[in-house]
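Dear colleague,

I am passing on the structure we spoke about, with the sequence alongside.

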Amino acid sequence: MTMLLVTLTELLATMTIYKVTMTGLYQEREWWIPPYMKDMFWAGVRSTQRVESMNSIFDKYLKKQTRLYEFVQQ
């Protein structure tokens with residue numbers, strides 16, 4: 001039982017550190033995202049537009065009944 005409590009305490013500490021780290025990254029996103037993305041050309045397209053564009057491409061080829069090997073053959 002003691003080993004379980006030690007393990008759970010360590011896990012909780014790790015998760016707390018992870019949450020603090022991720023919260024900090026999210027709050028500082030204006031600082032780190034532009035340099036990270038500066039070498040990528042997006043032509044003014046937002047991420048949701050890219051996703052919708054890909055969805056429309058896949059919609060042409062995929063149906064609920066489409067099997068993976070059929071998609072690959074297309």
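What follows is a short account of the fold, the surface and the contacts of one residue.

The model is predicted, so to speak of local features a pLDDT of at least 70 is needed and side-chain atom pairs count only at pLDDT 80 or more, while totals for chains, interfaces and linings use all residues. Residues are numbered from 1 along each chain as its sequence is written, and side-chain values use heavy atoms, with hydrogens and water left out.

On confidence, pLDDT (the predictor's confidence in each residue, from 0 to 100) averages 76 over the protein chain, and 85% of the residues score at least 70. Where pLDDT is low, the predicted coordinates should not be read in detail.

The protein chain has four helices and zero strands, these being DSSP runs (H or I of at least four residues for helices, E of at least two for strands) numbered from the N terminus.

As for the surface, 0% of the 74 residues count as buried, where buried means under 20% relative accessible area, exposed over 50% and partly exposed in between, with a 1.4 Å probe and protein chains only. The accessible surface comes to about 7500 Å², of which 65% belongs to carbon and sulfur atoms; areas come from the Shrake-Rupley method with a 1.4 Å probe, and for residues only the protein chains shown count as cover.

The residue to look at is Arg29, which is found in helix 2 (residues 29-37) and is partly exposed, with a relative accessible area of 29%. Arg29 forms a salt bridge (a side-chain nitrogen of Lys or Arg within 4 Å of a carboxyl oxygen of Asp or Glu) with Glu30, the closest N and O atoms being 3.9 Å apart, and the count by this rule comes to one.

Best wishes
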